[in-house]
Amino acid sequence: MGHPPCPALAGHRLICTGGTGRMIDEAVPGLTLRRLQRGSRGGDQQLGALIATGELDAVIFFADPTLPHGGDVDLQALTRLAMLHDTPVALSPAAADLVAGGLFGAAPPFG
């Protein structure tokens, strides 16, 4: 059984790397998703290009902090680009709630 619908996200376009996009689509069908390549296959670079061109309102990037992350260099590059282009970045669920609440001007949609 999937997660309950996220009405705060309805009508917004989410851009995800491949695996994350697949998981979101399975968990919450009906959201408007644009799936990029998997992060390790160039998706992180695609996200970086979207940050650099000002096409993203925010970046939410979840990784398991207890596991080595092969894309640490990619995450550092995304963080640097986000700082350079003043794009909010959330790396934890609590931070994602705060960023989303700020973008949507309402209560956090994920909690």
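**Exercise 1.** In this predicted model, find which residues of helix 2 meet helix 3, and class the contact residues.

*Solution.* Start on the helix 2 side: Asp44, Gln45, Leu47, Gly48 and Ile51 make the contact. Their partners in helix 3 are Asp74, Leu78, Leu81 and Ala82. Now sort the contact residues by type. Five are nonpolar, two polar and two charged.

**Exercise 2.** Describe how the axes of helix 2 and helix 3 are arranged.

*Solution.* Two packed helices are described by an angle and a distance between their axes. Take residues 43-52 for helix 2 and 72-84 for helix 3. The distance: the axes come within 9 Å. The angle: they cross at roughly 5 degrees. Angles under 35 degrees count as roughly parallel, so helix 2 is roughly parallel to helix 3.

**Exercise 3.** Work out where the buried residues of helix 3 lie and what covers them.

*Solution.* List the buried residues: Leu75, Leu78, Leu81 and Ala82. They cover an arc of only 125 degrees around the axis, so they sit on the same side of helix 3. The face turned away from that side carries exposed Val73, Gln76, Arg80, Met83 and Leu84. The cover over the buried residues includes helix 2 and strand 4.

**Exercise 4.** Check the length of helix 4, then describe its burial and what follows it.

*Solution.* Helix 4 has twelve residues, 93-104. At 1.5 Å a residue, they should span 16 Å. The end C-alpha atoms are 16 Å apart, which agrees. Buried here are Ala96, Asp97, Val99, Ala100 and Gly101. Their cover includes strand 3 (59-60) and strand 4 (89-90). Glycine 105 follows helix 4, with a positive phi near 65 degrees.

Terms used:
Residues are numbered from 1 along each chain as its sequence is written. This is a predicted model: local features need pLDDT of at least 70, side-chain atom pairs count only at pLDDT 80 or more; totals for chains, interfaces and linings use all residues. Side-chain values use heavy atoms; hydrogens and water are left out. Axes are lines fitted to C-alpha atoms, for helices over the stretch in contact, and angles run from 0 to 180 degrees between N-to-C directions. Helices (H or I, at least four residues) and strands (E, at least two) are DSSP runs, numbered from the N terminus. Angles under 35 degrees count as roughly parallel, over 145 as roughly antiparallel, 65 to 115 as roughly perpendicular and the rest as oblique. Contact means heavy atoms within 4.5 Å. Ala, Val, Leu, Ile, Met, Phe, Trp, Tyr, Cys and Pro count as nonpolar, Asp, Glu, Lys and Arg as charged, and the others, Gly among them, as polar. The expected span of a helix is 1.5 Å times one less than its number of residues. Buried means under 20% relative accessible area, exposed over 50%, partly exposed in between (1.4 Å probe, protein chains only). The arc is that of the directions from the helix axis to the C-beta atoms.
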